Amino acid sequence: VAAHAARGVVTSLRRCFVAAWPSLEVVEALARRPRPEHPGVRWVLPEQWHVTLAFLGDAEPERVAEALRALDHRSVTAVVGTRVGRLGRAVLMAPVTGCDTVAAAVRTRVRGVGSWRETQPFLGHLTLARLKNVAACPWATPLDEPLSWTVDEVAVVVSELTPEGSRYTTWATVPLGG
């Protein structure tokens, strides 16, 4: 635990990332799709769906929020594609376009703040399920139409690992310009 004497604030390192949360309408539309029970499939809860703009690993959420205060980026339109697919062997995802420039701006602002060093290019997506030893996707049918929302803020999110899976808490939000 690190104490910030100047402000009298006690902080600690936490597993953090910066995200764009989808709109309620997008979440509801995706949540209406069937999520059948299937061996080796752990469905992500709809309230946890997000686009990770930057993963920071262990970081002080206060420092992340401080780094993002100078973020200068306009709002963007995020679009969930119609094809659901896999990301590697362990993730069932819905691709999301439109967040590339805001992700690049966020990554520039938070570079060096956390313990994680980004080595992969940004790939916008919503993780729908975690897969373990699953050969075929149980939810690989296309969506009827693309879904979209306006990303007008980014969130500093703290991730707590529990036996039931990760639990996410928004620590702070940073508005994007019009």
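**Figure 1. Antiparallel pairing of strand 6 and strand 8 in the predicted model.** Strand 6 (residues 76-80) and strand 8 are joined by two bridges and run antiparallel; strands are DSSP runs of E with at least two residues, helices are runs of H or I with at least four, and both are numbered from the N terminus. Two strands are taken to pair if DSSP finds at least two bridges between them. Val 79 has Thr 97 of strand 8 as its bridge partner. The model is predicted, so local features need pLDDT of at least 70 and side-chain atom pairs count only at pLDDT 80 or more, whereas totals for chains, interfaces and linings use all residues. Residues are numbered from 1 along each chain as its sequence is written, and side-chain values use heavy atoms, with hydrogens and water left out.

Figure 2. Three bridges connect strand 7 (residues 85-87) to strand 8 in the antiparallel sense, with Arg 86 opposite Leu 92 of strand 8. The two strands form a hairpin with three residues between them, and Gly 88 in the turn has a positive phi of about 65 degrees. Strand 8 also pairs with strand 9 (residues 125-131), antiparallel and over five bridges; here Met 93 has Thr 127 as its bridge partner in strand 9. Because five of the seven residues of strand 8 (residues 91-97) are buried, strand 8 is largely enclosed by the rest of the structure. Buried means under 20% relative accessible area, exposed over 50%, and partly exposed in between, with a 1.4 Å probe and protein chains only.

Figure 3. Strand 3 and strand 5 run antiparallel and are joined by seven bridges, with Phe 55 in strand 5 as the bridge partner of Phe 17.

Figure 4. Six of the eight residues of helix 2 (residues 61-68) are buried, so helix 2 is largely enclosed by the rest of the structure. The buried residues of helix 2 are Pro 61, Glu 62, Val 64, Ala 65, Ala 67 and Leu 68.

**Figure 5. The aromatic pair of Phe 17 and Tyr 168.** Rings of Phe, Tyr and Trp (its six-membered ring) pair if their centres lie within 6.5 Å; planes under 30 degrees apart count as stacked, over 60 as edge-to-face and the rest as tilted. The count by this rule is one aromatic pair. The ring centres of Phe 17 and Tyr 168 are 5.2 Å apart and their planes stand at 85 degrees, so the pair is edge-to-face. Phe 17 belongs to strand 3 (residues 14-20) and Tyr 168 to strand 12 (residues 165-175), 151 residues apart, and the pair thus links distant parts of the chain. Phe 17 is buried at 4% relative accessibility, whereas Tyr 168 is partly exposed at 22%.
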